[in-house]
Amino acid sequence: MSGLNLFKRGTNIDIVRQFSNELSLLGRENGVDIMYQTVFKDKMFYVYPSEDPETYEFVYILSGEIEYEGNGEKQILKAHDYFTVKGLKSPEFFKAKTDVTYLWIITEPTFHQLSEDHRNLNDLIKKVESRDRYTFNHSERVAVYSMKVAKKLKLDTATANKLNRAAELHDIGKINVPVEILNKPGKLTKDEFDLIKKHPGDGADMVRKTSYSYLAEIIEQHHERIDGSGYPFGLKGNEITLEAKIIAVCDTYDAMTDDRAYRKALSPQFAIDELNRLSGIQYEPKVVQTFEEVLKEEGIIN
Ligand SMILES: [Fe+2]
Ligand SMILES: [Fe+2]
């Protein structure tokens, strides 16, 4: 856009709304994206390492407070504080203490990743979670846990990004499971459970039709267990991708520590004891151990 251009408040090229945040593209020129983002109170967000070590990011906080959790130390950033990012080795985590708004400038096209497909799939997660009254924000929590495990395991950027998105989308196939079954308080019949068992495959088929087709395998495998006792295929050990094994642990933990139609939430300690009991049987020991370290560092368990 040449010449001088004035824009009034609320003007943007494009906008995406997600669970945890709202992102507006204000400007795009020479491969630089200028965005305005609102992250809602109590939501986590992270900055990823870029594939390109030269990529530079600049974030200037306009209002609200965020907490940065780095090297076991917590720091608060407020309006007019800012940070820059370049050559990051692993993801860095932030938590919005209040609703937060900031200006985000990045020297690589970023907003385009939040394309039509992204929007449609996010709408789908929202729909799935609204049908099952016990899974509100489940996918988002599983994604946050998964990224913390990824960081500890020092997964490369491409794998971590893939894991994050797959974790967010892991249950989209549940859109095909009748609401009555999702919310059934009692034990499921075999037929009902067979319907539930279709959700990993259905989810995989759904992303196969989008630009996220590379996530299909992970989504399809998130209920596989290393001893072959999982579904839909009964895959074993190394037949299951590491990403699916990470989601399996985080997903199970979140399901246990959240209220469900058929029982109350279990304590974090109970959940991790259970994961440890099944470590090496159903769950990958390295993943369980790393996840336990994450919970300890966060002070969730002792
Ligand atoms: Fe699932
Ligand atoms: Fe799940």
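A nonpolar core is taken here as a set of buried Ala, Val, Leu, Ile, Met, Phe, Trp, Tyr and Cys residues joined through C-beta atoms within 7 Å. In the present structure, which is a predicted model, the largest such core holds 40 residues. Those that touch the most other members are Ala166, Leu169, Ile219, Ile246, Ile247, Val249 and Cys250. Two or more residues each are supplied to this core by helix 1 (116-131), helix 2 (138-152), helix 3 (157-169), helix 6 (199-208), helix 7 (216-220), helix 8 (242-256), helix 9 (268-277) and helix 10 (285-297). In soluble globular proteins, nonpolar side chains tend to be buried together.

When residues up to four places away in sequence are left out, alanine 166 is in contact with Leu215, Ile218, Ile219, Glu243 and Ile247.

Helix 9 and helix 10 pack against each other with axes 10 Å apart and an angle of about 165 degrees between them. Angles over 145 degrees count as roughly antiparallel, and helix 9 and helix 10 are therefore assigned to that class. Their crossing is left-handed. On the helix 9 side the contact is formed by Pro268, Ile272, Leu275 and Asn276, which meet Val288, Glu292 and Leu295 of helix 10. Sorted by class, the residues of this contact comprise 5 nonpolar, 1 polar and 1 charged.

Backbone geometry was considered next. Most residues other than glycine have a negative phi, and most peptide bonds are trans. The peptide bond that links tyrosine 231 to proline 232 is cis, its omega being near 5 degrees. Proline 232 is located in the loop that runs between helix 7 and helix 8.

Histidine 80, a residue other than glycine, has a phi near 80 degrees. A residue counts as exposed if 12 or fewer other C-beta atoms lie within 10 Å of its own; histidine 80 is classed as exposed because it has 9 C-beta neighbours inside 10 Å. Lysine 154, also not a glycine, shows a positive phi of about 55 degrees. Lysine 154 is placed in the loop between helix 2 and helix 3. With 9 C-beta neighbours inside 10 Å, lysine 154 is likewise exposed.

Note on methods: Residues numbered from 1 in each chain as written. Chains lettered and ligands numbered in written order. Predicted model: local features only at pLDDT ≥ 70, side-chain atom pairs only at ≥ 80, totals over all residues. Buried ≥ 20, exposed ≤ 12 C-beta atoms within 10 Å, placed from the backbone. Helix = DSSP H or I, 4+ residues; strand = E, 2+ residues; numbered from the N terminus. Contact = placed C-beta atoms within 7 Å. Axes fitted to C-alpha atoms, helices over the stretch in contact; angles between N-to-C directions. Parallel < 35°, antiparallel > 145°, perpendicular 65-115°, else oblique. Left-handed = near helix turned anticlockwise from the far one by under 90°. Nonpolar A, V, L, I, M, F, W, Y, C, P; charged D, E, K, R; others polar.
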